[in-house]
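Please go through the structure below chain by chain.

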Amino acid sequence: MSVQRGGLGRVTHIIGEGLEGRIANRHLALFGLGFVGLFFVLPILLLIPESLSLGSTTPFESYRRVMNGIYVDAFVRSFLYGFVTTGVTLALAYMLSYFLAFSTERVRTAMILIIVPLWIAYIVRYFGILLFLSPAGPLADLTGFETDLLFTTPAVVIGLANVYLPFAVLPIYNSLNAIDEELVNASRVLGAGKWRTITKVIFPLSLPGLVAAGLIVFILAAGSFLGPAVLGGPKQTMIANVIAQAFLDNFNIQFASALAIVYTVLLVGLLLVFNTLFDLQEVLGNI
Amino acid sequence: MLEVDTFTKYYGELCAVEDLSFRIEEGEFVTLLGPSGCGKSTTLHAIAGLVEPTDGRIRLRGTDVTDLPPEKRNIGMAFQSTALFPHMTVRENIAYGLKMHGYSAADVEERVEESLELVDMPDHGDHKPGELSGGQQQRVSLARSLAYEPDILLLDEPLTGLDRVLREEMRGWLNRIQREVNVTTLYVTHDQEDALSMSDKVVVLNDGQAQQIDSPERIYESPANPFVAEFVGKSTQFNGTVTHENGQAVVYNDEKRIALPDSSIDDDQSVSLYVRPEDIEVSPKPTGAENEFRGIVTDIANLGNRAELSATLEDGSTALAHTTRFPDIDVDDDIFLRFPAERVIVL
Amino acid sequence: MSTRTTAQLEGVTFRALITLVFAFLLLPVLIVILTSFTPQNFPAIPQEGLSLKWYQELLADQRLLSALTVSLIVSTVSAILSAIIGTIAAIGFVRGEFPYKEQISTVMLLPMIISPVITGIALVRYFSTIQLPSGFPALILGHTVLSLPYVFLLVRSELLTYDRDLERASRVLGADPVTTFRHVTGPIISPAILAGAFIAFVVSFGEFTATQFLISPGTSTVPVVIYTMLRTGLTPTINALSVVLIVVMLVLALASRKLSSA
C-alpha cells in the first residue's frame, strides 16, 4: 500500500535520498520549517506592521483603541470563559478518564465513543447543542420543556465544554493508565480507603495529564470563534469574534491585526510560563 | 579474503575503534569477541559499509572496498534483530537480495527454494516473519543473507535473543551450515562460549583495540593479557613477584609458594597467575604435592555433567575448581586444592 | 448503612454520572442526525415515520452541491500536500541531527496552537500581498498549513519506532537508497502516512473559522454554508448537509485509525 503514485515518483526519490543521508536530513527538516515559516509564521509576523499605521503621526492608534472598554471586555471574557470552560471540562474529563482507566473492561468501545466527536466538524456539534437549547428546537417540541439558555453565557460554556471534552480525556486517561496498579493495591493494603487512595495516590500521579489537558482546553476555548458565534448573543462576544468582526464587517485590517497581536502576545506569555513548568512537546504529543 | 587494515572510527571526540587490523582467510570462521561497547559492532558495520571509517582500509578479495556503498560489496549479513522485512513473506524476503543482485526470475525462484531447504524450512515460504518463532526468524535471516552467495557472511549477535537450549542447538547448526556452504564468516558476539565453540580464529576486542588474535584453544590456554584471561573462561587468580629457587621460577602468594611452568622468566617481575577450574584437583586431605592450598568450601554448583566448587583460600581469595557431579564434599568442609605448575598461566 | 451498601451506592452513582457525561458528549451529534429525517419543515424529532425529503432537497440545491464539491477538492488536495510535506519534515526531524531540535520542532505544531481566526486574517492578508488568487489556491494552501501538524505528529511517532536495521539489511542485500525506500521503508511507514493524510482530510473538511476568510464568492465550503444557513434560520436541510459531513469525516477517520493501529 502506498500513497505515492504517478507523478509523485520524484517525491519518493527525494524522501529516499533523505532517508539514506544523501540529502542531509536537516535539509528535510528545513524544508518543513520553511513551509510553515513561509505560509504561517511569516504571515502572522506581518500582522505586526499591518497593525501599525507607520508614517502617520499616530502609529499606535489601533493599540490605543484596543484599550477601549468594549474590547478590554472581550479580552477579559475570552480568558474568563476559557478558565470556566477548562474547569468544567476537566471535571467531566476526569470522571470519564477514571472510568476508562479503572472501572470498565470495554475501554476500546468507550474510547471510540469519546473520540468520535473529535472527528466531527465543530460547526455540526455546535449546531447540535443549538438544537438542544433552542426554545423552538426538537427537545422543546418533544417534551414541551423550554430552556431559555440559548444566547447566554452558560450556553457558550456548555458548548465549549462539549466540543473540547475529548481533547481533555486523552492526556488525563494516559496519565491515569500509566499508574502502576501495584501502587493502588499497595495503598489499599496499607489501610487507605478508596477515597483516600484517590486523593493521596491516584490524583497526585495524574496531575501532569490534568495540567496538559487544562492547557489544551484553555488555549482552544479562549480562542474559540464558533462557540460564541453560534450559541452566544451580543453580550457573549469573545476576542475571536471581535477580530473577525473588525476584519469582515468593518474592513479594519489594522485594528483586527492589533487585536490579534495583543491576544497572541498574552497567550504566548502564558505558554512560556507553562513551558518552564512542563514540556510543551509532550503535552501536544498527547493529542 | 577479508583484510581490515588499521581501521579507526571516531564518533565526534569519542573513539570507538582504534587501529584495528586482522585478516580472514577463505572459508574461515572468525569471531570478534568482546564486552558490549568494545567496538565490535562498529567494526562489523564498517566492513558492511554501513559505517564510514575515520581512518584505515577494508579490502575484500584483494579489492579496496572502503569507499563502496554497502550494496556494491556483495556481503551477507544477519542482524541480531533479524531485520526481516515485516511486510514481505519469508519467500519474498529471501528473493529480495537475489533480485537486487540481478538474478533472473527463474533463478530467483530456484534459489529461494534451495535456501529454504538449506535452513530446514521448506514449508514456511509463505509465512510472514511475525508468524515465526525467534529461532525460525534467525534461520530465515541466515537463508536470506546466503542466497546470493556473498563473498563473506557477517553475523551480528544472531543468537543473543535466544534461550540457552536453543542457543546451543543453533551453534552446532550454524557451524554445519557454514561448512556446507563453505562461506567465509565473521561472527560478532559478547558470549565467550559462542566464540570458543564455533570459531577457527577469535579476535578479542576491548576498548576499541584488539587484545589477542588467535585460535580458540590459544585464547583459552595462553591468553595474551589479563583482560583476555579474565574475559574468556573462569579462573582462580593469584598475584605476586617472581623469584627463583633452585633454578625454578616461583611466586610467593601470602607466604604460599607457587611454582611456575617456565623458569626463563626474570626475577622481581610483578605477575598475575591464572589457573583454570578444570586444572585444579580437590581432596579432603593434603597430599603434599606442590602448589597445594587449603580452603573452605563456600558453594557447590551442579552444572549437570560436573560440579563447580567455590572455596575461600587462607588469604581470603576465591578459588574455582571442577569436580565430579556429586563430590563427597559439603559446603563449609575443609579441603585441599592443587594444580600442576605447567598449568599455571603467567601474565 | 454498612460499608458494602455505601460502596454499592457510590458505584451506582458513579455509573449514572458517567452515563450522563456520555449523553452530554454524544447527544448533540445524535440529535442532528435524527432530526435530519423529519418530514416537518423544521428540525424536529420524527415521530410519525422518517423522511428523506431534506436529502432530496440537498441534491436539488446547486449551491450546496457546489460547496460539497469545493470541500472535497480542497480537502483532498490539501491532505495530499500535507501528507507529503509532513512526512518530509518528520523524517528530517527524526533522522536529522541539529542543535535545539526538539524546541525547533514546536514550530511545526504552531498551526494547531494559534487561534484559527488569527491564522485566517494573517493568511488572507499575506495571500493578497503575494498575489495568490483567493478561492482554491488560498483555501488549499491554508488548509495544508492547518492540517500539517497532524501528519507531522503521526509520521514522526511511526518513524521513532521504526527499526533502522531494516534499512541496513536492505542496503547490504544490494539495494541502493532509493530502492530501499521504495521497497522497505516506504511500504512500512506508508500506512502511517496514509493515516496522516486521512486525518488531514478530516481536519480540512471540518475547518470553518480560518476558512471563512479564505473563501471567494464561488468557493464556499460545506462548513461555511452550514454556518451561513444557521444565521438565516433553522431548516432540516442544514441537518441533511451536516449528516453528509459527518459520514464523510467518520469514514475517513475510522479508516485512518485502522491504518495507524495496524
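Which domains does the domain assignment of chain A give? Chain A is divided into domain 1 (6-45) and domain 2 (62-285), with bounds that come from an automatic or database domain assignment. Between the C-alpha centres of domain 1 of chain A and domain 2 of chain A the distance is 34 Å.

The model is predicted: local features need pLDDT of at least 70, side-chain atom pairs count only at pLDDT 80 or more, and totals for chains, interfaces and linings use all residues. Residues are numbered from 1 along each chain as its sequence is written, chains are lettered from A and ligands numbered from 1 in the order in which they are written, and side-chain values use heavy atoms, with hydrogens and water left out.

Chain A contains 15 helices and 0 strands; helices (H or I, at least four residues) and strands (E, at least two) are DSSP runs, numbered from the N terminus. Of its 287 residues, 53% are buried, where buried means under 20% relative accessible area, exposed over 50% and partly exposed in between (1.4 Å probe, protein chains only). The accessible surface of chain A is about 13,100 Å², and carbon and sulfur atoms account for 65% of that surface; the areas come from the Shrake-Rupley method with a 1.4 Å probe, and for residues only the protein chains shown count as cover. Taking contacts in chain A (heavy atoms within 4.5 Å) between residues at least 6 apart in sequence, 72% join residues at least 24 apart.

Ile216(A) is part of helix α11 (residues 194-222) of chain A and is buried, with a relative accessible area of 6%. Val66(A) is 150 residues from Ile216(A) along the chain, and their C-alpha atoms are 26 Å apart.

Each of the three chains carries a UniProt annotation from an unreviewed entry. Positions are in the numbering used here, feature names are shortened, and annotations may be inferred rather than shown by experiment. In chain A, UniProt lists "domain: ABC transmembrane type-1" at residues 75-272; this span is 78% helix and 0% strand, with its end C-alpha atoms 19 Å apart. UniProt gives the annotation "domain: ABC transmembrane type-1" for residues 68-256 of chain C, a span of 79% helix and 0% strand whose end C-alpha atoms lie 21 Å apart. For chain B the UniProt feature is "domain: ABC transporter", at residues 2-232. That span is 36% helix and 26% strand, and its end C-alpha atoms lie 25 Å apart.

Within chain B, helix α1 (residues 40-48) is largely enclosed by the rest of the structure, because 8 of its 9 residues are buried. Among them are Lys40(B), Thr42(B) and His45(B). Just after α1(B) comes Gly49(B), with a positive phi of about 90 degrees.

Further along chain B, strand β17 (residues 307-313) has 6 of its 7 residues buried, so it too is largely enclosed by the rest of the structure. Strands pair if DSSP finds at least two bridges between them. Strand β16 (residues 292-302) of chain B runs antiparallel to β17(B) and is joined to it by 7 bridges, with Ile296(B) opposite Thr312(B). These strands form a hairpin with 4 residues between them, and Gly304(B) in the turn has a positive phi of about 100 degrees. Strand β18 (residues 318-323) of chain B is also antiparallel to β17(B), through 6 bridges; here Thr312(B) has Thr318(B) as its bridge partner. The hairpin of β17(B) and β18(B) has 4 residues between the strands, and Gly316(B) takes a positive phi near 95 degrees.
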